[in-house]
Structures are given as structure tokens and as C-alpha cells.
Amino acid sequence: MRFWRFILVTVFLGLVFFDIQAQFTSQNGWFEVSVSEGCPVGGCSGNVVSGCAPLTITVVSTASAPLDCFDGSNNCDFDYTGDGTIENTSSIITYDTPGQFTLRIIHGSQGTDQITVNVSASEAPDFSIFSCSGEAIQVSINDNQYENYIVNFGDGSPEIVRPFGSANAQYTYANNTTRTVSVRGVNDNGSDNCAVSQNIVIPLASLPPSRFDSLISLDNNSLILYYDLQPDILHRLEIKAGNSPYTFFKQLDAETESDTLQLAEVASTSYCFRIVSIDPCLGNNSIGATSGEICNILFNVDFLDGINELSWQVGGNVVSSSYLRLSQTETINRPGITGFSFSDMDIDCQRQYCYLLTASYSDNSISRSLEVCGNSFNTTPPTAINNLSVSVEEDGLLLNWPVTPNETITSYGISKGVTSSSLTNLITVEANTFVDPITPEQSTCYQISPQDECGNVNRGGLVACSMFLTGFILADNTVTLNWNAYEGWGQRVSEYLIEKTYLNSDAADNMSLAPQFQEVDNNAAEQVIIYRIQAIPSDNTLEPIYSNSLRLIKPNNIYFPNAFTPNGDGNNDTFSVNGRFIVSYDLRIFNRWGEEVFNTTNPEIAWDGTREGKALPLGAYAFKVDIVDQAGREITEAGTVLLLRN
């Protein structure tokens with residue numbers, strides 16, 4: 001590959017025009033070389049040509065050359081790179097690729113002369129601009145590839161040359177007009193053809209403060225700072241631990257966006273930071289402006305009985321805080337907290353909660369704490385069940401009770417007994433209702449013990465005993481009812497409703513304030529009375545409950561004479577079996593030989609002592625009667641009756 005290109009030049013009377021200030025002499029002095037861009041630093045001279053790629057040079061013979069290679073009469077051979085490749089083309093040569101080359105010119109039989117050509121990569125220098133107050137700047141060269149750097153301040157003022165390693169270039173502008181500052185590098189005795197870098201700057205009357213974006217605590221040994229730095233300003237980060245004064249921590253580059261800092265005991269030691277803007281024109285310790293401070297949060301959560309207590313300490317101008325609560329089932333963000341503590345009572349026990357606290361500063365920066373996790377617990381038992389309804393239904397005793405709001409109950413234990421002092425565990429259910437499939441033969445008592453998700457149980461609720469109704473009816477139709485008072489409700493019973501029905505018709509209900517009732521029922525058409533007690537609660541949020549049904553039967557009063565006299569005197573002339581509430585009747589009468597002499601199914605038809613119209617002899621006759629009353633009872637009466645005639 002060839003590392004140069006050739007440019008034809010006009011040759012006039014053997015003279016080539018070039019910048020005589022940019023001139024290098026060959027080893028034997030037979031030819032001279034000039035560079036196209038000139039050499040601004042001390043001119044050009046010596047035996048080594050240097051510059052950046054692409055580097056164009058011009059070669060011309062001197063008076064001491066054995067042959068004039070450039071007048072057209074003599075041909076000289078050129079080796080442009082020193083690799084032995086002979087060219088015979090032009091005296092203007094361009095080197096496109098960096099490297100060190102040996103330019104050799106062969107003067108026929110007279111010999112060879114040469115010069116060294118050093119070509120560097122053309123790289124724009126790295127430099128920084130630092131603003132000063134009073135519309136001044138400093139230019140800091142962050143580059144080491146050139147021996148000299150030329151600074152142009154962009155306002156038409158003369159360029160300045162800064163040798164490598166010299167102090168920062170400082171300049172004061174006349175106003176705050178936006179300027180473009182450029183820097184290019186050039187080596188001693190080298191061509192001024194290297195790349196240029198540029199930065200834009202706005203001169204400032206005074207230095208503005210920078211700010212933090214956020215501080216994030218990572219673990220107990222590290223945190224990360226995020227910056228929002230003003231451009232073209234020299235910054236340093238300062239730190240203080242606890243109540244100590246601020247001290248220098250590190251210099252900040254203008255491009256720095258964040259820093260991860262290794263510090264001890266981040267969870268228990270207060271670290272605060274500030275960004276200091278330095279005015280380098282007044283000295284590296286001259287403070288131009290200071291940011292607001294930002295500090296790590298010392299965050300603690302005490303997991304107490306039924307409450308998680310959050311507390312924290314944080315320095316700086318904090319205006320509000322917020323916490324983020326994480327659990328296995330939910331995420332809650334609570335913003336706008338003022339002060340330095342908060343009580344979180346909206347918790348479930350036996351659950352892990354993790355908290356992150358964020359403090360917001362007046363300049364909109366934030367600090368976020370380390371995460372604190374722990375398990376909640378609660379030893380307070382749930383609310384006792386003091387409204388238990390026990391009602392007698394067709395399929396058994398129905399128990400139900402209201403659910404306590406804002407409590408998480410996992411199960412209910414049900415105890416049972418014939419009295420409140422003889423309760424034993426029956427069953428555990430999850431719902432707030434239960435049917436005990438029994439046929440009540442007496443009052444049955446129950447108590448409900450709720451258990452919450454923490455395993456706490458409350459066994460102190462009211463004992464509720466089902467109402468068991470008993471009663472009787474006398475021959476004069478006096479009804480007496482008794483039942484146990486219902487005591488399963490906290491506000492007790494308002495009143496009792498005595499529901500009453502007949503077997504074949506309706507009846508009027510009655511009210512009672514006490515667990516007892518008495519009445520006289522003279523309804524001759526109804527033998528069977530059915531009673532049931534309804535307890536009405538004083539608390540109108542509860543539903544009434546019922547006792548068992550009680551069936552009372554009026555006596556049917558079956559009677560019959562043991563003799564009769566069918567003589568037509570209208571007194572005891574017939575024989576029949578009499579009673580009340582008879583719905584089925586079968587009377588048969590037999591003579592002494594067992595022959596049936598009379599039969600009827602109508603209780604209104606009596607035996608007159610005849611058989612088929614003929615009077616029967618005096619004597620004893622056997623009878624049997626089968627009766628069914630309204631209550632469905634089957635009654636059989638048998639005996640003898642004397643037939644007498646006077």
C-alpha cells in the first residue's frame with residue numbers, strides 16, 4: 001500500500017515557491033522541505049519534518065546539490081517512504097497515514113540524501129472550560145499528545161500558545177455573549193495542520209449553584225449520589241459525618257452524573273453532602289456557590305403489637321416524606337408525611353412488611369433510605385360474639401351471628417351444652433352460620449369463639465340457649481305456656497310474639513314481655529292448637545328467632561252410660577258413645593251369643609234397644625266403639641250396657 005499521494009506543480013526556471021519560514025534541510029544539505037500549513041511555534045527548521053496526517057510537503061534542491069533534480073534536465077530517483085520503492089514523479093508529496101518515514105533522493109551516480117518525516121494521527125485535543133465570575137473563563141488542557149496547544153477564545157482576540165503542562169489559560173470577556181472556544185495541538189517545529197476541538201461557553205457574571213438529583217442508600221456500606229451539575233463549572237463534593245464540619249471528598253468532572261460511595265454504617269451514621277462551585281480564577285479554594293445539602297436517612301421500623309412504628313432522622317431542608325410499603329400481596333405508597341414518624345396500623349399480623357422511606361427536599365431532590373423489613377404481630381383477641389341467634393328451624397337449630405367489621409376472622413369455634421356451664425367443643429367453621437341437625441327436646445346452649453389470622457381467640461362471648469316451649473291445656477280449655485328467656489343478644493329481647501294456629505284454621509297471635517303466657521281457648525271447632533314463640537330483638541339489625549312448635553290437644557271427653565231404658569219416656573231412652581272433636585266413629589253392639597245386633601258410623605245415631613225394628617230382651621249387651629279425633633288419635637272403648645225396661 002502507498003502512504004502518499006502526488007500533486008503536479010508548475011516548474012518555472014527551476015524555482016518552486018513555498019513558505020520560506022517553514023523549511024527543513026536534508027541530512028547532506030542537498031534539498032530542503034517545506035510544509036503547507038506553516039509552523040506557528042518558533043518557525044520550522046532542522047532535519048526532521050513533522051505534522052498531522054494528511055501532511056503535504058514540498059521538496060526543492062539547494063545550491064549544494066550535485067544535480068538539479070527539478071529543472072527537467074536531470075532525473076533523480078525518489079524513495080518517499082524509505083522502503084526501497086523508487087518513484088520519479090513530483091516534488092510535492094502528501095502523507096495520508098501516520099507513521100515515521102524516510103524521504104530519500106538518489107542523485108544518480110552522485111549519491112543519496114535523506115530526511116525524516118514524522119506523521120502523527122490528527123486528533124482533536126481534549127479540553128475543559130471552567131467558568132469564573134466576572135464573565136471570565138479558564139481553559140484546562142486535558143491532553144498530552146501534543147507539545148503545544150493553541151487556544152482561540154472566539155471573540156477575535158489573538159490566539160495564545162500554551163506548552164504542554166503549563167497553567168490553565170485564563171481570559172475575561174467583555175460581555176456574556178455566547179462564545180465558541182477552540183483548541184488545536186501542534187508540536188515543536190511541526191506543521192500547524194492538526195484537528196481542532198471546540199466548546200461553547202456563556203460567560204457568567206456570577207457562578208450559579210448546582211444541585212443533587214437524589215441520594216439512594218444501597219446497603220450498610222454504600223450509597224449512590226446522582227448529580228445535576230451546572231455546565232462549565234469546576235465542582236467539588238464535600239461530606240460531613242454526624243455533627244462534624246464539611247470536608248473535601250472529591251473533585252467532580254463536568255460530565256459526572258453519579259457516584260457510588262463506599263461508607264461505613266450507612267444505616268446508623270448520618271452522612272450529608274453538598275456540591276461546591278469553585279471560582280478557579282480566584283483560586284482553587286474560592287467558593288462561588290454552594291448547593292443545598294442532601295443526607296442519608298436513618299430509618300427504623302419497630303414492629304409492635306398491632307402497629308408498625310416508623311421513625312427516621314434526616315438532615316437538610318426536608319419538606320415532606322413518603323413511605324413505600326411492600327408485602328406479599330400489596331404495594332402501598334403513602335406520600336405527604338410531615339414530621340419524622342408515622343404509625344402504620346393498617347396491617348395484617350403474621351405478614352412480612354418491607355418499608356422504604358423517601359425524603360423530599362425544597363430543591364426537589366430526594367433521599368431514599370435502606371429497606372427495613374419485619375414481621376407484624378398482634379396479641380389482641382378479636383371482638384367477642386355477643387349477638388348470637390339460635391333459632392329452631394325445620395332442619396335443626398340454626399345459628400348465625402354478625403361479622404365484626406374490619407376484622408379478619410379465619411374460623412369460629414362452636415361450643416355446645418345443655419346449660420351455659422356445661423359447654424364442650426362441637427365444631428369449627430369458617431362461615432358465620434351453622435345448622436345443628438337435631439330435633440330439640442330441651443333448650444340447647446351455644447357459644448361462638450372467633451379466631452383471627454394471628455391465632456388469637458376470644459372465648460368470652462355471650463352464651464345463647466335456644467328457646468324451648470312447654471305448656472299444657474286443662475279440661476276447661478285453659479292454656480298455660482312457658483319458655484326460657486332468650487339471652488343471646490347484647491341488647492336482649494324487646495318482646496315475644498306468641499304465634500298461634502289451629503289445625504284447620506288460623507288464629508290470632510298474642511304478645512308477651514315475659515317468657516310465659518296463659519289464655520282460655522273456647523273454640524269448640526278446633527281440638528288442636530299449635531303454638532310457637534318468636535323472640536324479637538331490641539337491636540333492629542338482628543332478625544327474630546323461633547322456639548320449637550308446641551302442639552296442645554283439648555280433651556275429647558268420651559263418655560257413655562252403663563244402662564238405658566228404652567220405654568219412650570224421653571229419659572235415657574237410647575245408648576250411644578259421646579265426645580268432642582270426633583272425626584271417625586264406629587259403634588257395634590253384641591248380644592250374649594256374640595251376635596252383632598247394632599252398628600253405626602254416625603255418632604248422632606243412638607241404639608234404641610231394637611234389632612231390625614223388634615225390641616230385644618232385657619239384659620246385658622257388649623259394645624265396642626272405635627273413634628278417631630281431630631288430633632288423629634285412635635280411641636277404642638269397650639264394655640257392657642244394661643238394657644232395662646220399667
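**Strand pairing, cores and aromatic contacts in the predicted model**

Tyr 173 is buried, with a relative accessible area of 4%, where buried denotes under 20% relative accessible area, exposed over 50% and partly exposed the range in between, computed with a 1.4 Å probe on protein chains only. The structure is a predicted model, in which local features require pLDDT of at least 70 and side-chain atom pairs count only at pLDDT 80 or more, whereas totals for chains, interfaces and linings use all residues. Residues are numbered from 1 along each chain as its sequence is written, and side-chain values use heavy atoms, with hydrogens and water left out.

Aromatic pairs were assigned when the ring centres of Phe, Tyr and Trp (its six-membered ring) lie within 6.5 Å, with planes under 30 degrees apart counted as stacked, over 60 as edge-to-face and the rest as tilted; by this rule the count comes to 18 aromatic pairs. Tyr 95 and Phe 101 form a stacked pair, with 5.1 Å centre to centre and 25° between the planes, and both residues are buried. The rings of Tyr 171 and Tyr 173 have centres 5.1 Å apart and planes at 80°, so this pair is edge-to-face. One aromatic cluster is formed by Phe 560, Phe 564, Phe 575, Phe 598, Trp 607, Tyr 621 and Phe 623.

Nonpolar cores were defined as sets of buried Ala, Val, Leu, Ile, Met, Phe, Trp, Tyr and Cys residues joined through side-chain atoms within 4.5 Å. The largest nonpolar core has 37 residues, and those with the most contacts inside it are Leu 225, Phe 273, Phe 299, Trp 312 and Tyr 355. Strand β30 (residues 352-361) gives the most to this core, with five residues, strands (E, at least two residues) and helices (H or I, at least four) being DSSP runs numbered from the N terminus. A second, separate core of 36 residues includes Leu 399, Leu 469, Ala 535 and Leu 550. When residues up to four places away in sequence are not counted, Leu 225 touches, among others, Phe 212, Leu 237, Phe 273 and Ile 294, contact being taken as heavy atoms within 4.5 Å.

Strand pairing was assigned where DSSP finds at least two bridges between two strands. An open sheet of three strands has the order β10-β11-β14, with antiparallel pairing; its edge strands are β10 (127-132) and β14 (169-172), each of which pairs on one side only. Strand β11 (residues 136-141) and β14 pair in the antiparallel sense over four bridges, with Gln 138 standing opposite Gln 170 in β14. A further open sheet, of four strands, has the order β43-β42-β45-β46 and antiparallel pairing. Here β43 (510-512) and β46 (545-553) stand at the edges with a single partner strand each, so one side of each is left without a neighbour in the sheet. Strand β42 (residues 493-502) and β43 pair in the antiparallel sense over three bridges, and Leu 497 has Met 511 in β43 as its bridge partner.

Antiparallel pairing over five bridges also links β40 and β41, with Asn 482 in β41 as the bridge partner of Thr 470. Asn 477 is found in the loop between β40 (469-473) and β41 (478-483), and in this hairpin, which has four residues between the strands, Asn 477 takes a positive phi near 70°. Asn 477 is buried, with a relative accessible area of 8%, and, not counting residues up to four places away in sequence, touches Glu 519, Val 520, Asp 521, Asn 522, Lys 554 and Arg 580. Five of the six residues of β41 are buried, so this strand is largely enclosed by the rest of the structure. On β41, antiparallel pairing with strand β44 (residues 516-520) extends over five bridges, and Thr 480 has Gln 518 in β44 as its bridge partner.
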